Amino acid sequence: MEGKVVEVQAAWREGAHVDDAQYRAMYEASVSDPDAFWGEHGKRIDWMTPFTKVKNTSFAPGQVSIKWFEDGKTNVAYNCIDRHLETRGDQTAIIWEGDNPDESKHITYRELHAQVCRMANVLRNRGVSKGDRVTLYMPMIPEAAYAMLACARLGAIHAIVFGGFSPDSLASRIQGCTSKVVITADEGLRGGRKVPLKANVDEAIKRLGSDLVEHVIVVRRTGGSVAMEPGRDVYYDEAAEQVTDHCPAEAVEAEHPLFILYTSGSTGQPKGVVHTTGGYLVYASMTHQYVFDYREGDVYWCTADVGWVTGHSYIVYGPLANGATTLMFEGIPTYPSTSRFWEVVDKHKVNIFYTAPTAIRSLMGGGEGPVKKTSRQSLRVLGSVGEPINPEAWEWYYNVVGEQRCSIVDTWWQTETGGILITPLPGATALKPGSATRPFFGVTPEMVDAEGKVLQGPCEGNLCIADSWPGQMRTVYGDHERFEQTYFSTYPGKYFTGDGARRDADGYYWITGRVDDVINVSGHRMGTAEVESSLVAHPKVAEAAVVGYPHNVKGQGIYAYVTLNDGEEGDDALRKELVTWVRKDIGPIASPDLIQFAPGLPKTRSGKIMRRILRKIAEDDFGSLGDTSTLAEPAVVDDLIENRQNRP
Ligand code: WTA
């Protein structure tokens with residue numbers, strides 16, 4: 001597989017921002033003198049107070065500190081809206097495509113300005129000001145973007161919780177960042193089905209059992225009837241009538257937090273990843289421009305949800321900072337039919353399309369027919385994100401969707417990185433199916449072995465980043481020690497990504513997946529510890545261990561080994577009950593795919609669960625279980641193998 005190379009086509013190079021030689025020169029400049037490089041590119045956004053300092057960062061043990069452009073002041077909403085008004089006020093900023101194919105609308109930059117100012121005033125009237133946290137629990141409607149930008153306009157910090165998370169997950173995130181205001185919608189609409197967002201917010205607030213949340217702002221989406229608590233809840237349209245559409249953009253320090261986004265790690269509860277203002281926006285906008293080779297007038301579509309980091313950086317902030325037309329899609333790839341993505345591409349003449357391998361794999365299952373009946377002539381660049389793209393899916397994307405005419409950018413990054421770190425650039429990088437290829441400007445990947453020894457040349461190991469880039473997360477909200485511990489203690493002095501990778505003789509990176517206890521289900525991060533603690537909270541469960549296994553569509557599936565309390569019987573009914581339990585507790589994305597009832601789990605004599613063995617069994621790979629003689633009870637392994645659940 002490694003042998004296959006798809007050379008840059010002449011058409012991709014034509015008019016591209018950079019070719020290979022320019023990439024190499026810019027990359028070299030970016031890593032040899034980051035101050036000069038980012039000092040220059042930091043000017044791609046407008047500053048209310050220009051910065052004089054560029055990079056001030058340290059990965060040193062006990063002193064991790066990351067500051068970029070620290071003495072500058074700016075405002076993200078100003079950069080995403082106001083500065084475009086003079087030149088592109090009447091240009092479409094957001095194309096919204098509804099779940100229902102008959103529903104769509106275009107919002108110009110001027111309209112976006114008015115809407116965001118109104119939303120900001122509604123927030124301000126409810127006491128929201130600089131530094132306050134606002135939780136968003138929204139469907140994919142333009143108001144989600146308005147709310148994000150309204151917070152940014154005031155210097156408030158948004159914390160978006162994906163609409164698929166349960167009331168419990170929502171409650172712990174509201175609590176985690178002590179939000180006094182929640183913005184939601186009556187109901188969401190996905191694939192023709194309603195999602196009870198407001199009811200979930202009510203439930204979450206009830207579980208909080210405190211009066212922390214003072215205001216709930218409810219956008220009417222479906223018009224479905226929902227309970228409204230007098231004094232606390234208000235319909236957005238009614239509140240918006242009371243305010244003007246003028247609201248100044250507050251100049252904030254470059255290092256003022258823009259948002260918090262909770263993400264799963266290998267231990268404990270999700271962490272609040274904090275991104276700040278200046279460096280984040282410079283990095284998001286610059287990567288959006290170069291990685292997608294974004295050109296003036298392009299229609300750009302990222303299919304992610306704003307509940308994930310991809311939606312933050314590449315639906316809202318990056319594209320709008322660049323004055324692009326960004327498409328926001330409320331629905332799902334298979335509704336009303338599996339041609340939907342390509343029909344939307346034709347309807348809005350999309351030039352750049354960015355999605356996840358899991359979507360590609362699920363559509364591959366339906367064959368070429370649903371793709372072929374659409375034109376897709378507008379497409380030029382196709383992006384992939386969220387998990388490793390297997391070469392078969394890459395080929396299908398390239399040959400069938402892109403008809404060998406479009407370049408593919410397999411973009412590797414993380415919630416923590418703020419923007420894309422390893423990726424091809426369309427006019428510059430020869431492609432290898434399955435490889436995220438080379439680092440973006442300013443990014444210094446380093447491969448280390450288990451002991452932390454830095455590896456040279458072609459190798460396989462753990463992926464670290466040696467030095468800071470402007471889009472990097474700054475801290476874990478309220479817990480800087482956890483930030484240092486999680487990312488900088490495994491290999492002191494380096495940022496450890498949690499991913500394993502291979503580097504080939506051309507210096508290309510092939511991400512192989514997480515090496516920690518994080519699993520990636522349909523491109524969504526899930527900590528095995530979270531699913532385990534949900535399972536053991538069930539009254540019949542004594543112990544649980546969760547691992548990932550290869551899944552044809554989802555990339556990884558969730559395999560749970562469950563030990564029941566004495567006297568409990570493990571059957572299909574209980575399996576169903578446990579799945580429902582976890583869905584309710586965390587959300588549908590955490591549902592175990594397979595549950596094996598196990599009388600015992602393989603443990604060391606000191607009582608540590610041997611996950612390596614559980615992983616191998618879940619992967620059907622018993623030949624290489626390794627040494628099991630150190631187990632407290634080696635016989636449990638035979639039982640586990642015998643009763644393993646078959647993959648669908
Ligand atoms: C994985 C999503 C291989 C990786 C932006 C990473 C990828 C995790 C790729 C972050 C890719 C993301 N190739 N693996 N192109 N993109 N990943 O925080 O394991 O939701 O650590 O950010 O997804 O997931 P997160």
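Reply: Domain bounds here come from an automatic or database domain assignment. On that basis there's a domain 1, made of 33–74 plus 442–514, and a domain 2, running 522–643. Their C-alpha centres sit 34 Å apart. This is a predicted model: local features need pLDDT of at least 70 and side-chain atom pairs pLDDT 80 or more, while totals for chains, interfaces and linings use all residues. Numbering starts from 1 along each chain as its sequence is written, and side-chain values use heavy atoms, leaving out hydrogens and water.

The structure holds two cavities of 30 Å³ or more (a cavity is a set of points on a 1 Å grid over the protein atoms alone where a 1.4 Å probe fits but cannot get out, and lining residues have an atom within 4 Å of a point; the points are joined across faces, edges and corners, and volume is the space filled by probe spheres set on them). The largest cavity has about 40 Å³ of space. Around it you'll find Asn75, Val76, Ala152, Gly155 and Ala156, together with Val252, His256, Pro257, Leu258 and Thr277. That lining has six nonpolar and four polar residues, with no charged ones (Ala, Val, Leu, Ile, Met, Phe, Trp, Tyr, Cys and Pro count as nonpolar, Asp, Glu, Lys and Arg as charged, the others as polar).

The second largest cavity comes in at about 30 Å³. Trp12 lines it, along with Asp293, Arg295, Arg380, Val381, Ser407 and Pro426. Three of these residues are charged, three are nonpolar and one is polar.

Nine of the eleven residues in H16 are buried (under 20% relative accessible area with a 1.4 Å probe, protein chains only; exposed is over 50%, partly exposed in between). Among the buried ones are Trp394, Trp396, Tyr397 and Tyr398, and Glu395 is on the list too.

Glu403 isn't a glycine, yet its phi is positive, about 50°. Most residues other than glycine have a negative phi, and most peptide bonds are trans. Glu403 is partly exposed, at 33% relative accessible area.

Asp620 does something along those lines, with a positive phi of about 60° despite not being a glycine. Look for Asp620 in the loop that runs between helix H20 (611–618) and helix H21 (635–642). With a relative accessibility of 33%, Asp620 counts as partly exposed. Pro336 falls in the loop that joins strand E17 (325–329) and helix H13 (340–348).

Last, the cysteines. There are zero disulfides (pairs of cysteine sulfur atoms within 2.5 Å). For Cys459 the closest cysteine sulfur is in Cys464, 11 Å away, so that gap is too far for a bond. Both ends of that gap are covered: Cys459 is buried at 13% relative accessible area, and Cys464 is buried at 0%.

Terms used. 1 Å grid on protein atoms, 1.4 Å probe; cavity = no way out; pocket = protein on both sides within 12 Å on 5 of 7 lines; lining within 4 Å. Helix = DSSP H or I, 4+ residues; strand = E, 2+ residues; numbered from the N terminus.
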